[in-house]
Amino acid sequence: PTAVPDLDARLAIARTAVKKHSHKLKADLAQALKDGGPKHAIGHCVSLSPEIDAIVSEEQGIEIGRTALKVRNSENAPDDWEIAGLERFAKQISEGADPHKLEHYDVTVTTEGQRLFRYLKPIMMQEMCLVCHGPSVAQDVKSEIAKSYPDDKAIGFNLNELRGAFTLVQRID
């Protein structure tokens, strides 16, 4: 990666933001699944994920979101930098890398000249994710997902497979 000003501090913020987001999302979705099953969790996820993005972004002074090569929400479609990072993660994982130790970061420059610190961290498929993202999603669950995400591409994943990544952006100057 390019030389990043205050790299250690920026990485610490990025790692903390991902950890907070991941734990909150997992805990809230697990509770929603327990309270009302998959269809209830889908409705919860539609409103919950952007809420967690906003809370963690504000707390950490960054922009955080999620992206993937196969997205459920088209607003989370990856840009070229994210696509390259996701493809790199997929290759590294297929070669035996521990996905929990992977991360990708760099400084990019916008067309307006704004320098940005960018960070990606893999999201791996876990047991509870299979209900809505797995290889055999129940038809009633698919129908419920289609109400909010008619162009859903985020199914067919297997346990411990790369689902996507947390993506963070922090302005440098």
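**View 1. Lining of the largest pocket, by residue class.** In this predicted model, the lining of the largest pocket has 25 nonpolar, 10 polar and 9 charged residues (nonpolar: Ala, Val, Leu, Ile, Met, Phe, Trp, Tyr, Cys and Pro; charged: Asp, Glu, Lys and Arg; polar: the others, Gly among them). A pocket is an open set of points on a 1 Å grid over the protein atoms alone, where a 1.4 Å probe fits, with protein on both sides within 12 Å along at least five of seven lines; lining residues have an atom within 4 Å of a point. Of the 44 lining residues, L25, L29, R66, I123 and F166 lie nearest the centre. Helix 1 gives the largest share of the lining, 16 residues (helices are DSSP runs of H or I, at least four residues; strands are runs of E, at least two).

**View 2. Salt bridge between D53 and R66.** The closest N and O atoms are 3.4 Å apart (salt bridge: a side-chain nitrogen of Lys or Arg within 4 Å of a carboxyl oxygen of Asp or Glu). D53 lies in helix 1 and R66 in strand 1, so the pair ties together parts 13 residues apart in sequence. Both residues are buried (under 20% relative accessible area, 1.4 Å probe, protein chains only; exposed is over 50%).

**View 3. Salt bridge between E144 and K147.** The N to O distance is 3.1 Å. Both residues lie in helix 4, 3 residues apart. E144 is buried, at 19% relative accessible area, whereas K147 is exposed, at 64%.

**Notes.** Residues are numbered from 1 along each chain as its sequence is written, and side-chain values use heavy atoms, without hydrogens or water. Local features need pLDDT of at least 70 and side-chain atom pairs pLDDT 80 or more, while totals for chains, interfaces and linings use all residues.
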